[in-house]
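Let's take a walk through this one together, starting with a pair of helices. Have the viewer open and follow along.

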Amino acid sequence: MMVFALILIVIFSFAFEPTAEETRRIAGGLLWIAFTFAGILGLSRSFARETTNECLQGLLLTPAGPGAVYLGKLASNVAFMLAAEAVVLPIFAVFYNIGLGSRFPWLAGILLLGTWGFASVSTTFSAITANTRMRELMLPLLVLPISVPLLIAMVEATATWIAGEPMREAYLWLQLMTGFDIIFTVASLLLFPYIVEE
Amino acid sequence: MGKRTWNLAGALLPAITAALLLIAFYVVFLEVPTERTMGVIQRIFYVHVPSAWISFFAFFVVFVSSLAYLATGQARWDWAAVSAAEIGLVYCSIVLTTGPLWAKPVWGIWWTWDARLTSTLVLFMIYVAYLLLRNAVSDPSRRANLAAAVGIIGFLDVPIVYMSIRWWRTQHPQPVIAGGAGSGLDPEMWRGFLWCLAAFLSLFAWYFRERYRMERMRAELESLQREMSPRP
């Protein structure tokens with residue numbers, strides 16, 4: 001996941017002149033494309049891994065219940081994605097000449113909200129596609145259109161941060177991300193029992 | 001719906017649809033006044049807007065059927081969901097093709113990343129993915145469960161998509177857009193519009209009935225095949 005995100009960022013620097021002012025404005029978008037594409041690749045294995053030896057059924061038989069399985073998967077996926085982001089972000093900042101500076105807590109907040117929302121949708125769809133044909137292709141087809149609002153919010157909020165504008169202007173996007181996270185985490189929790197039902 | 005109403009609908013719907021379509025096209029092409037600034041091209045409106053309404057309605061049917069399927073576990077709700085999704089996509093394609101045809105001469109561009117256009121496109125992609133997912137699962141009850149989950153999540157997403165794109169776009173200067181139709185429609189135009197809406201709605205009902213029947217037969221065939229083939 002991490003290496004893939006790094007490679008994407010290097011490839012972007014061939015497509016877009018990394019030091020130009022223009023690129024500074026789209027850097028937020030580049031960063032999130034790298035994170036989400038890498039995330040999707042990593043997360044597509046999330047439930048497929050559990051299909052051998054009926055492992056998922058075993059997990060569901062534990063007294064914890066399907067909701068706990070979903071939240072556990074979600075938490076681990078968020079953790080993995082954040083870990084990858086923590087490595088890629090400083091390298092990205094070096095390549096694209098972006099100071100992480102004093103306002104870093106804001107960026108951390110954006111990353112956390114965005115990653116949570118993206119992982120909540122991807123985890124659900126990873127469970128949905130685990131037993132389908134062409135799993136690797138199905139997952140992005142489902143996740144990306146559903147995540148459009150989140151992607152817009154993440155990119156806009158990050159762009160505000162990179163441009164050094166007051167973060168007040170990004171409140172709307174932060175609210176949108178929070179709303180998205182809540183709605184899809186709750187909807188996934190409710191739907192998850194049906195998704196894993198045999 | 002009772003069996004008799006169902007059969008009656010099958011007999012009557014094609015005739016009603018044909019009649020309504022003829023009337024609607026007569027009214028739209030021969031009676032309704034030509035719009036002053038846009039000219040003849042504005043008549044696309046009578047196909048474009050009813051199709052958009054009906055495609056949203058169809059996706060709403062998918063949502064309700066999906067909920068009903070998860071609540072009851074009856075296969076017929078799944079058949080209804082897939083039928084509505086397919087027809088909704090057909091109408092959505094009509095919207096997405098007539099839209100640019102209308103936009104080019106009027107706005108001077110084929111496409112603009114406006115809230116409504118973009119959300120319709122995203123909607124289209126969500127339901128294409130919905131149908132692709134159905135194709136990728138072979139076990140019927142599993143397929144129904146998974147598809148219902150996608151049908152519900154997809155529909156929940158629609159208002160969020162719309163709001164996000166509206167905020168996204170209104171933060172930037174608007175592209176050159178002559179304000180859309182709808183701000184005060186001529187009574188004659190309303191007449192054309194309502195005839196078209198009725199015709200397209202009836203077409204939807206007919207398609208839906210036939211598609212649902214097909215899905216039911218396919219499900220029967222599938223279960224017969226499973227009975228015949230020896231279990232592994």
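H1(B) and H6(B) lie roughly antiparallel to each other, because that label applies to angles over 145 degrees and their axes cross at roughly 155°. Those axes (lines fitted to C-alpha atoms over the stretch in contact, with angles from 0 to 180 degrees between N-to-C directions) come within 8 Å, with H1 covering residues 3-31 of chain B and H6 residues 187-228. Helices here are DSSP runs of H or I with at least four residues, numbered from the N terminus, while strands are runs of E with at least two. The crossing is left-handed, meaning that the near helix is turned anticlockwise from the far one by less than a right angle.

A quick word on provenance: this is a predicted model, where local features need pLDDT of at least 70, side-chain atom pairs count only at pLDDT 80 or more, and totals for chains, interfaces and linings use all residues. Residues are numbered from 1 along each chain as its sequence is written, and chains are lettered from A and ligands numbered from 1 in the order in which they are written.

Zooming out, chain B has six helices and zero strands. Its C-alpha atoms fill a box of roughly 70 × 45 × 25 Å along the principal axes. Of the contacts in chain B (C-beta atoms, placed from the backbone, within 7 Å) with a separation of 6 or more, 81% join residues 24 or more positions apart.

Now for the neighbour: 23 residues from chain A meet 25 residues from chain B. On the chain A side, H9(A) gives the most, with eight residues.

Methods:
Parallel < 35°, antiparallel > 145°, perpendicular 65-115°, else oblique. Contact = placed C-beta atoms within 7 Å.
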